[in-house]
Amino acid sequence: MRAAVQRVLARGAAPLSDEALEALRLQLRGHIQLLGPEVERAARRLPSGDIRRECALTVAGEARMRLRLGPGDTLYVRYAVVQMLARSVSALCDHHEKLRDGTG
């Protein structure tokens with residue numbers, strides 16, 4: 001998952017073809033669909049009001065909203081959509097690790 005994120009967000013990342021960009025968009029959406037519910041389940045095990053719980057649920061909710069984004073009509077918009085999905089995947093990975101390890 002992190003490798004997919006780096007393909008988009010890494011400084012100096014190589015430009016992607018339309019086909020590669022669409023494949024990455026679909027891959028990132030799949031990561032969100034898998035990881036979002038995992039993060040939500042782990043967060044809900046924490047007591048209400050716990051800052052880790054609230055942050056993780058917020059990140060998962062934002063990621064779910066980003067799943068509603070279409071692919072975009074222009075290259076600029078397609079890149080923006082993929083970047084937003086990548087940021088959500090990155091944040092979900094961070095929260096998943098923190099909740100799994102009991103840190104944060």
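Arg2, Asp94 and Glu97 are linked in a network of salt bridges. A salt bridge here is a side-chain nitrogen of Lys or Arg within 4 Å of a carboxyl oxygen of Asp or Glu. Before we dig in, note that this is a predicted model, where local features need pLDDT of at least 70, side-chain atom pairs count only at pLDDT 80 or more, and totals for chains, interfaces and linings use all residues. Residues are numbered from 1 along each chain as its sequence is written, and side-chain values use heavy atoms, with hydrogens and water left out.

**Exercise 1. Find out which parts of the chain the salt bridge between Asp94 and Arg2 ties together.**

Step 1: Look at the pair. The side chains of Asp94 and Arg2 meet at 2.7 Å, N to O.

Step 2: Asp94 sits in helix 4 and Arg2 in helix 1, so the bridge ties together parts that are 92 residues apart in sequence. (Helices are DSSP runs of H or I, at least four residues, numbered from the N terminus.)

Step 3: Check the surroundings. Asp94 is partly exposed at 32% relative accessible area, and Arg2 is partly exposed too, at 33%. The cut-offs: buried is under 20% relative accessible area, exposed is over 50%, and partly exposed is in between, using a 1.4 Å probe and protein chains only.

**Exercise 2. Decide where the buried residues of helix 1 lie around the helix, and what they pack against.**

Step 1: List them. In helix 1 (residues 2–9), Ala4, Val5 and Val8 are buried.

Step 2: Look down the axis. The buried residues of helix 1 fall within an arc of 100°, so they line one face of the helix. (The arc is that of the directions from the helix axis to the C-beta atoms.)

Step 3: Find the partners. These buried residues pack against helix 2 (18–44) and helix 4 (75–101), with contact meaning heavy atoms within 4.5 Å.

Step 4: Zoom in on one residue of helix 2, His31. His31 is buried at 13% relative accessibility. Leaving aside neighbours within four places in sequence, His31 touches Met1, Ala4, Gly36 and Val89.

**Exercise 3. Name the residues that line the largest cavity, and sort them by class.**

Step 1: Name the lining. Asp18, Leu21, Glu22, Arg25, Pro71, Arg78 and Val82 line the largest cavity.

Step 2: Trace where they come from. Helix 2 gives the largest share, four residues.

Step 3: Sort by class. The lining has three nonpolar, no polar and four charged residues. Ala, Val, Leu, Ile, Met, Phe, Trp, Tyr, Cys and Pro count as nonpolar, Asp, Glu, Lys and Arg as charged, and the others, Gly among them, as polar.

Step 4: A cavity is a set of points on a 1 Å grid over the protein atoms alone where a 1.4 Å probe fits but cannot get out, and lining residues have an atom within 4 Å of a point.

Note on methods:
Helices (H or I, at least four residues) and strands (E, at least two) are DSSP runs, numbered from the N terminus. On a 1 Å grid over the protein atoms alone, a cavity is a set of points where a 1.4 Å probe fits but cannot get out, and a pocket is an open set with protein on both sides within 12 Å along at least five of seven lines; lining residues have an atom within 4 Å of a point.
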